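Please look over the structure below before reading on. The paragraphs that follow go through some of its helices and loops.

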Amino acid sequence: MGAAAFFGNAGQSFRRGGDAILALLLGTIFVSFLAGILFRYVLNLPMGWAQELSVVCWLWLVLWGAAFVVDERDEIRFDLLVGAVRPRARIALTILASLAIVALYALSLPATISYVTFMKVEHTAYLKIRFDWLFSIYVIFAVAIIVRYAWILWRSVRGDDVLAPDVEHVSSGL
């Protein structure tokens with residue numbers, strides 16, 4: 001379940017904002033990539049910051065998108081077992097998986113925060129971005145995943161079949 005379904009109309013605005021941030025990050029990657037090519041191969045002036053900016057934006061794009069934009073049903077997963085069982089068994093599997101995800105992320109969160117805050121002593125080579133700022137997206141991602149799966153757990157405990165197959169939109173994608 002994505003933010004839009006969780007928060008209703010406010011979630012739609014949040015989702016559009018998340019999409020806009022992803023578009024901005026992707027555009028930044030594209031422009032820095034083109035600038036890197038132009039400066040390296042046309043002007044013969046290699047720029048390390050262009051590649052560094054692309055990597056930083058890619059890291060933020062992937063984790064931001066996974067945390068706030070991609071719906072649960074849109075994630076790639078191997079759901080042969082979950083799709084093959086009856087709804088009550090699917091709910092039980094969803095509860096077990098959600099419990100495991102919430103527990104593992106919650107247990108790892110203090111060490112993650114400690115490591116990210118420790119990394120303030122390091123910075124990137126060209127852009128001089130402090131690593132604690134750079135890797136703070138992972139803390140944001142982890143908290144978002146904890147909240148998302150706690151919500152899925154709550155709904156599953158109440159009897160909702162959160163991961164029921166959507167028979168109206170089944171296709172091979174080809």
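Two residues are in contact here when they have heavy atoms within 4.5 Å of each other. The model is a predicted one. With that cut-off, Ser156 is in contact with Ile91, Thr94, Ile95 and Val162, once its neighbours within four places in sequence are left aside. Ser156 lies in helix H6. Its relative accessible area is 1%, and since buried means under 20%, Ser156 is therefore buried.

How do the axes of H5 and H6 cross? Helix H5 covers residues 87-118 and helix H6 covers residues 131-157; their axes come within 8 Å and cross at roughly 155°. Angles over 145 degrees count as roughly antiparallel, and H5 and H6 are therefore roughly antiparallel to each other. The crossing of H5 past H6 is left-handed. Of the residues in the contact of H5 with H6, 23 are nonpolar, 6 are polar and 1 is charged.

Thr112 belongs to helix H5. Is Thr112 buried or exposed? Its relative accessible area is 14%, so Thr112 is buried. Not counting residues up to four places away in sequence, Thr112 touches Tyr138 and Val139.

The loop between H5 and H6 holds Lys128. The phi of Lys128 is near 60°, a positive value in a residue other than glycine. Most residues other than glycine have a negative phi. A second case is Asn44, a residue other than glycine whose phi is positive, near 55°. Asn44 is found in the loop between helix H2 (9-42) and H3. With a relative accessible area of 62%, Asn44 is exposed, because exposed means over 50%.

What span should its residues have? Helix H3 has 22 residues (48-69), and at 1.5 Å a residue they should span 32 Å. The expected span is 1.5 Å times one less than the number of residues.

Which residues of H3 are buried? Among them are Ala50, Glu52, Ser54, Val56 and Cys57. The buried residues of H3 also include Leu61, Leu63, Trp64 and Gly65, along with Ala67, Phe68 and Val69. An α-helix has 3.6 residues a turn, so residues three or four places apart point the same way. That spacing can be kept in mind when looking along the helix in the view above.

Note on methods:
Residues numbered from 1 in each chain as written. Predicted model: local features only at pLDDT ≥ 70, side-chain atom pairs only at ≥ 80, totals over all residues. Heavy atoms only, no water. Axes fitted to C-alpha atoms, helices over the stretch in contact; angles between N-to-C directions. Helix = DSSP H or I, 4+ residues; strand = E, 2+ residues; numbered from the N terminus. Parallel < 35°, antiparallel > 145°, perpendicular 65-115°, else oblique. Left-handed = near helix turned anticlockwise from the far one by under 90°. Nonpolar A, V, L, I, M, F, W, Y, C, P; charged D, E, K, R; others polar. Buried < 20%, exposed > 50% of the residue type's maximum accessible area, 1.4 Å probe, protein only.
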